[in-house]
Amino acid sequence: MSSYLFPGRYSDKTDPNRWWIRFGLRLGVSAALHPFDYSKTLIQLGYEPVPPQQGTSILGKPILLLPNILQYTAHIRKIDGLGGCYRGLAPKMVGSLLSMVVNERLTQQFGFSPQEDVKDDSDLSKEEIYAQFKETLKWDIMLTVSGIVVSHPFHVITVRMMAQFVGRERLYTSIADSIVEIWKTEGVLGFFAGLVPRLLCDVVCLVLSSSTIYMLNKYLIKDQLARQYNARITQFAFSSWLYSLQVASTCSVVSGSRLTAGQPPIMPIYRNWVECWKDLQCRGELKRGSSLFWRSQSLQSSSMPTAFISLPKLVRYQ
């Protein structure tokens, strides 16, 4: 998100030690919440190992109540233990670190000085504010795209490590083994499976959110605190609207791999992410995992129950 919209976003660049501490804290929080991210990924893949309970909606219609994120995570811990809840954490951390390093290098290489964006816009003309907004948005797009592209191979490894829970495979046991597995079975393109919808989701959300917030701040909202709340709410709204692209990306990452989660009957083999998105749309499953604490499913849903499918064991290529 543009630093014009979030004053002080880059201000710690003038204090490298403080900036590294904040980055370390973000990594720590991400690691602590990883079990919930793990559960959400399996939900996005459509895997429901816990039988649903019968219930009723607010309107009194019969529905199936699915386990919430806490119950889902508890199931993973019951099967694999506490350590198993952190499957895929290592490549996730490597990807985050690589993305950060690349963004830092680009910022230094091209001499971008985002700390200048924290000036009070009351001292600037409308033309200066607009020029500042365009420049910052351009850099945010470049940093977002570069960060996603360089970290995506590790994102693919992370998701596939998690997806092994479905079929109990051991094809992706480490980063090195995962790289060999993807290279042998899919080649270089396998490292970028699901990249396009992930890029679209983040970049479109960035552009729409930044532009909307800029217009609201320019014509309606003058209070700095209200601007911060407006920025968070607007970003959340657009992120929710584009959530279907996240689901399509996650499914595309796994589809066609040797994992049970990416093969019929659990998942069709999609030729591309558009076909994946259309199939999920037809089945009404583009919002998998969007609600983490109140999860329900219509009794007439066409989604396939995967909890009781006999899961084969796959072996590693020699």
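## The β hairpin

Strands β1 and β2 form a hairpin with 5 residues between them, and G60 in the turn has a positive phi of about 90°. The strands, like the helices below, are DSSP runs numbered from the N terminus (E, at least two residues, for strands; H or I, at least four residues, for helices). This is a predicted model, in which local features need pLDDT of at least 70 and side-chain atom pairs count only at pLDDT 80 or more, while totals for chains, interfaces and linings use all residues. Residues are numbered from 1 along each chain as its sequence is written, and side-chain values use heavy atoms, with hydrogens and water left out.

Strand β1 covers residues 53–56 and strand β2 residues 62–66; the two run antiparallel and are joined by 4 bridges, where pairing requires that DSSP finds at least two bridges between the strands. Within this pairing, Q53 stands opposite L65 in β2.

## Helices α4 and α5

Helix α4 (residues 89–109) packs against helix α5 (residues 126–167) at an angle of about 160°, and their axes are 8 Å apart. Axes are lines fitted to C-alpha atoms, for helices over the stretch in contact, and angles run from 0 to 180 degrees between N-to-C directions. The two helices are therefore roughly antiparallel to each other, a term for angles over 145 degrees, whereas those under 35 count as roughly parallel, 65 to 115 as roughly perpendicular and the rest as oblique.

The residues in contact (heavy atoms within 4.5 Å) include P91, V94, L98, V102 and L106 of α4, together with W139, M142, L143, V150 and F154 of α5. By class, this contact of α4 with α5 has 12 nonpolar, 8 polar and 1 charged residues. Here Ala, Val, Leu, Ile, Met, Phe, Trp, Tyr, Cys and Pro count as nonpolar, Asp, Glu, Lys and Arg as charged, and the others, Gly among them, as polar.

## Helices α5 and α7

Helix α5 also meets helix α7 (residues 195–219), their axes coming within 10 Å and crossing at roughly 160°, which makes α5 roughly antiparallel to α7. The residues of this contact divide into 14 nonpolar, 6 polar and 3 charged.

## Helices α9 and α10

S244, L245, V247, A248, C251 and S252 of α9 make the contact with W273, C276, W277 and L280 of α10. These residues divide into 8 nonpolar, 2 polar and no charged.
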